[in-house]
Amino acid sequence: MGSGIFITKKKGTTMPTTANIKLSLINSMLRTLGSAPLAGEDTSHPDYITANAVLEEVIEDFSSKPLWFNNSIETLSQDNTGRIPVPSNAVAVDPTDGSNLAVAGNFLYNVDKRTDIIGKDVECYVHREIELELMPREALKFIRAACRFKFYADEDGGMQKLQVYAQAAQLSELELNSVNIARMDMNFFASGSGRTFFIPRPYN
């Protein structure tokens with residue numbers, strides 16, 4: 001199962017960077033309150049600090065979701081000590097054969113034998129945390145909508161606009177969910193773990 005990441009670039013255009021996308025997301029949150037957008041990263045600005053905290057929380061929760069673009073089947077190779085290093089951006093690593101191996105520190109660990117000396121290469125499902133610049137459109141749309149909703153709710157925004165942002169977040173969730181079901185290999189998400197996303201719901 002491939003990672004499903006495809007990045008295209010139009011002739012004469014510049015690819016967005018994670019920093020640019022992050023600033024765009026933060027300014028999108030600030031606009032919900034009518035605040036002026038920031039021209040660049042300003043870690044001392046109160047609005048930046050508040051919005052960035054919301055963004056980090058949303059991304060942390062989102063990154064825990066197994067989706068078509070952040071999962072792949074990979075053969076992880078042992079090093080010269082017989083241990084198997086785990087990718088630095090791995091959220092979860094599970095052997096495809098059901099072996100009782102877990103992640104301990106930076107290496108796979110044999111729970112039954114209580115050792116990190118595996119002694120062979122292991123094929124695994126690898127769930128990675130993906131940089132914003134590598135995320136597909138549907139994922140960024142979901143993150144933007146979820147951030148706007150959470151930021152506005154945390155700032156005690158008016159109920160009418162809150163309902164609008166909540167509806168936008170729910171629609172983007174449905175779109176992402178639909179694309180995920182269509183693109184993920186059935187044998188991976190048969191458990192249903194890839195079908196559920198979390199968005200706080202406002203009270204009616």
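A cavity here is a set of points, on a 1 Å grid over the protein atoms alone, where a 1.4 Å probe fits but cannot get out, and lining residues have an atom within 4 Å of a point. What you have open is a predicted model, where local features need pLDDT of at least 70, side-chain atom pairs count only at pLDDT 80 or more, and totals for chains, interfaces and linings use all residues. Residues are numbered from 1 along each chain as its sequence is written, and side-chain values use heavy atoms, without hydrogens and water.

Select Phe-62, Ser-63, Phe-69, Asn-70, Arg-128, Glu-129, Ile-130 and Met-135: they line the largest cavity. That cavity holds about 30 Å³ of space, a volume being the space filled by probe spheres set on grid points joined across faces, edges and corners.

A pocket is an open set with protein on both sides within 12 Å along at least five of seven lines. Pick out its lining, including Thr-18, Lys-22, Asn-52, Glu-56 and Leu-132. Helix α2 (46-63) gives the most, with 4 residues; helices are DSSP runs (H or I, at least four residues), numbered from the N terminus.

Last stop: show α1 (residues 18-31) and α3 (residues 137-154), which pack at about 35° with axes 8 Å apart. Axes are lines fitted to C-alpha atoms over the stretch in contact, and angles run from 0 to 180 degrees between N-to-C directions. Among the residues that meet are Ile-21 and Leu-25 in α1, and Leu-140 and Phe-151 in α3, contact meaning heavy atoms within 4.5 Å.

Notes. Helices (H or I, at least four residues) and strands (E, at least two) are DSSP runs, numbered from the N terminus.
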